[in-house]
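Please look over the structure below before reading on.

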Amino acid sequence: MFSQLNSYFTAFISLGAPAMMFIIITLLSLLFRVKVSRALEGGILMAVALTGMGAVITLLTGAFAPALNKFVESTGVSLSITDLGWAPLAVITWGSIYTLYFALVCIVINLILLSFKRVKTLNVDLFNIWNLSVIGLLTMYYSENNMYLTTGVVGVIYILMLINSDVMQPQIKKLLNYDKDSITTTAHPSLLICPPVLIVNEVISKCIPFIDKYDFDAEKLNQKIGFWGSKFAIGVYLGVFVGLLGKLPLSELFVLAFTAGVSLELFSVVGSWFGPAIKPLSDGIATMMENRFRGRKVYVAIDWPILASRAELWAVANILAPLLLVIAIILPGNNVLPLGGILLTVLAPALLIITQGKVIRMTIIGTILIPLFLWAATMIAEFVSRTSLAMNSFPKGLSHDQLFSSVDSDPLEKMLSILISRASVLMEPQLIIMAVIGVLAYLGMFVWYFRRMKKINLMHFSEHADDVKAEAERGAALRVANDR
């Protein structure tokens, strides 16, 4: 019987990630009482998004693989791992049935914490569960499929995400000038980098607070940069840079530059299909959860682009892009050449929230934290490459012995999950001690961060209350003067 079930499961997996996820997303949506047409729409769009992302990855790798080999030969710089941004991780995770298991774990945790009033956040951003799925699959890979450890790691990180969403909400409301009764927030996994950002921000406040005097208008900077800071243009710069260092002929250099430009833009376009693909299922689950907590004030967490209206975010992303490339070349222990992740939108939102849009602070902090993202991308390259190969989604432009990776969110969580997993398998005293110290330091950092953010929020509300009181007093004085 079990062998027969296994053969059915193997046959299902062999359909490929797009077909498999089309069936799963459609059936799950129907289970949560989504209309048939919307359920089919979500399933088809997910399949199309996975297929399209695979095609863009193949386009980029096919163009860059020969140039990168020549680049390494001619320069001696061992940046032999190709960064394809978040795309390959999304393809791997949404092509894995374990992502749905992690989503179920997260939904149950959210329901329990809301029921016991431990958090206020209802996370309806189901699509970005794939970021947590990466950490889960990474833990499984290095722990030799220890599901207890994997579930624990994913669960703890998700709890931190929800609490982080709660403590960030007042700052987001202030940053975006939302109404005082606004319930909008975000629980995006990339914002788990906020504690290190706050640590560096506190150091700046104590040591060099005067830099705020030299801050500038990000909106004007973006207007001046214009097209030259677009994904098209940044892709072309990268292509020219790699082509020149690889000593390519002029004809090949132009092809590489323009292919990189269109690939970076297509990553954004095709990537935007994933959200709408998961939305019917997400809406069905959100409706169920909202019905359970009707009558209570609950924050609704959506994707991080609610912050995209702030010019500072894009100004700093453009400033950090060339810095990321330079740091990648000189950073010891890094073997990744940043391509797909060159625009650090996995870091810029956290910088924006913590500094409240101070561009100089954002740039300094971002530069200091960039190595974490490069080291993490280097460390997960083996996992990403082998998993992609096993799932038949390996980029066609690369040879099977070549590694690729992703400069993406949650660098600390990825590095810590690898350390914990290796310690659980090897059981070496030194590794176990390092893992225990790492976990305690990580959790201690979040405890400090949550307490500090609550104090900052109280200060904000106090200042806001004083402003309201002063405004009321001015209004009263004006009315008295008018009466006279």
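Ile 23, Leu 27, Leu 30, Val 36, Leu 40, Ile 44 and Val 48 form a nonpolar surface patch of about 560 Å². Helix H2 (17-31) and helix H3 (36-75) are the elements that give two or more residues to the nonpolar patch. This is a predicted model, in which local features need pLDDT of at least 70, side-chain atom pairs count only at pLDDT 80 or more, and totals for chains, interfaces and linings use all residues. Residues are numbered from 1 along each chain as its sequence is written, and side-chain values use heavy atoms, with hydrogens and water left out.

Surface patch
- H3 gives the most to the nonpolar patch, with four residues.
- Leu 40 lies in helix H3 and is partly exposed, with a relative accessible area of 36%.
- Partly exposed lies between buried (under 20% relative accessible area) and exposed (over 50%), with a 1.4 Å probe and protein chains only.

Largest pocket
- The largest pocket has a volume of about 930 Å³.
- It is lined by 36 residues, of which Trp 86, Asp 303, Trp 304, Pro 305 and Thr 345 are the closest to its centre.
- Lining residues have an atom within 4 Å of a point on a 1 Å grid; a pocket is an open set of points where a 1.4 Å probe fits, with protein on both sides within 12 Å along at least five of seven lines.
- At least two lining residues each come from helix H6 (129-142), helix H11 (250-271) and helix H12 (274-292).
- H12 gives the most to this lining, with five residues.
- By class, the lining has 18 nonpolar, 13 polar and five charged residues.

Technical notes. Patch = residues over 30% accessible without salt bridge, like charges linked within 9 Å, V, L, I, M, F, W, Y side chains within 5 Å. Areas by Shrake-Rupley, 256 points an atom, 1.4 Å probe, with all protein chains shown as cover. Salt bridge = Lys/Arg side-chain N within 4 Å of Asp/Glu carboxyl O. Points joined across faces, edges and corners; volume = space filled by probe spheres on them. Nonpolar A, V, L, I, M, F, W, Y, C, P; charged D, E, K, R; others polar.
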